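Dear colleague,

Please find below the structure I am handing over to you. My findings follow directly after it.

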Amino acid sequence: MQRQDILTPECRLEPYWWRAAPHRQEPAGSLPRSADVAIIGSGITGLTAALHLARAGRSVIVFDAAEPGYGASTRNAGYVGRTLKHTFGELLQSFGLAHAVGVYQELMQAFRSVKETIDAFTIDCFYRPQGRFLMATTPAMHDALLREFDLRARHLGEPFTSVARQDQSAEIGSDLYHGGVRVDDLAGLHPGLYHKGLLTNALSLGVAVKGFTPVTAIARDGSRFALTTSAGSLVARDVLVATNGYTGTLIPWLNRRVIPFDAYMMTTERLDPALIAKLLPTDRTYIDWNFNVDFIRRTPDDPARINFGGLTGSRVADLPLMALKLHKRLTRIFPELAETRIDHVWTGRCAGTFDLYPHMGTHDGINYALGYCFAGVPMGTWFGIRSAGKMLGANEPPSVFANRPLPSHPLYWGNPWFVPLAIGYLSRNDH
């Protein structure tokens, strides 16, 4: 298909998820003079923290430079897993068994925190433990997958099923892959509705959510912090920065350590039910095991559509052009979709760190939680819970992700010009 034919006449250059969750807010009015906690960023992390703080009786105000939920919290694929850019085997080899187990046990806590949050706040977001199929793009990758998941089964008790290439048609209708691994307890959700549920609950608990209100300065004011915003000023006892890929220059120390990059996704027009049943017969979340992954799923609220993402870290401002590029990648997997058109294409800003770990901690008295490295739904939820606990003075076991050194680089001052080159290098063994 040519570029002019790839998009449906109704195609929207915005997330598919916004169809079901068009929660817009007007710009903020007047601000209170003070709050117990000010949170910058109204995504999953900020709202989850706000919920737990408000339920404990704290007065909370949440600021966002755009509409609440504009960022990656409603622009992701809705995968809920135990994801880290360091495999269990790598951590075991480099740091020993105790460290590897500690990290992956906390990933399990983060994974479970999503379902616990959904249950606690009665959020209807199509959450389902539908399982995940991880595809190997080479025979060697299949062997590596088996070694990794054998280690996890042995040391963490996490079961999995090996799927040989000759059997993979039961999971995915593609000849591109060389088998894979199925993990039955991993889940998916509708990210727009998950965020909408967090926001609705926060507002019902009295959290003040101020969209279109960028925070322009934070300064010490005795034992508190003075925040300057586009709508006025206030003071807060505690501050949490939960802006991930949208962090910017507000706190230069973070700006030098958080690396924003763009992810891209698209949603197809509705497909024939027989065709989609052939291509994705088990309706799982699907992802290959490359560094720069392709990921595929049926849309949970309309299973006749496919949501597909890839080419993360590219810099393509022309979304119709990106739709064409993504379509080519999708038809490499499923040639049957060569004539399928696209109803939605969008981008969202994620963030990584130089050590490829998510981080939460405190700098100059200001709390932060960010750098999710492709794991924003579970880690964002978990970091919101743990950040709230810290500000409430909860007596909790230390997190393996808290107060780790958050590295920078002498040549990095906040301009991520090198991201396409870096991802290209890290993806050099992808297929």
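In this predicted model, helix H10 provides the largest share of the lining of the second largest pocket, namely five residues. H10 spans residues 419-426, and strand E13 (259-268) likewise supplies at least two residues of that lining. The pocket has a volume of about 270 Å³. Its lining comprises 15 residues, and Ile259, Thr353, Leu356, Ala422 and Leu426 lie nearest its centre. By class, 13 of the lining residues are nonpolar and two are polar, while none is charged.

As to salt bridges, the count comes to 20. One of them joins Arg341 and Glu269, with the closest N and O atoms 3.5 Å apart. This pair links distant parts of the chain, 72 residues apart: Arg341 is in the loop between helix H8 and strand E17, and Glu269 is in the loop between E13 and helix H7. Arg341 is partly exposed, at 31% relative accessible area.

Another salt bridge is formed by the side chains of Arg386 and Glu396, at 3.1 Å from N to O. Arg386 belongs to helix H9 and Glu396 to the loop between H9 and H10, so the pair ties together parts that are 10 residues apart in sequence. Arg386 counts as buried because its relative accessibility is 13%, below the 20% limit; Glu396, at 34%, is partly exposed.

Finally, Ser113 lies in helix H3 and counts as buried, with 1% relative accessibility. Beyond its neighbours within four places in sequence, Ser113 is in contact with Pro378, Thr381, Trp382 and Ile385.

With kind regards

Conventions. Residues numbered from 1 in each chain as written. Predicted model: local features only at pLDDT ≥ 70, side-chain atom pairs only at ≥ 80, totals over all residues. Heavy atoms only, no water. Helix = DSSP H or I, 4+ residues; strand = E, 2+ residues; numbered from the N terminus. Buried < 20%, exposed > 50% of the residue type's maximum accessible area, 1.4 Å probe, protein only. Contact = heavy atoms within 4.5 Å. 1 Å grid on protein atoms, 1.4 Å probe; cavity = no way out; pocket = protein on both sides within 12 Å on 5 of 7 lines; lining within 4 Å. Points joined across faces, edges and corners; volume = space filled by probe spheres on them. Nonpolar A, V, L, I, M, F, W, Y, C, P; charged D, E, K, R; others polar. Salt bridge = Lys/Arg side-chain N within 4 Å of Asp/Glu carboxyl O.
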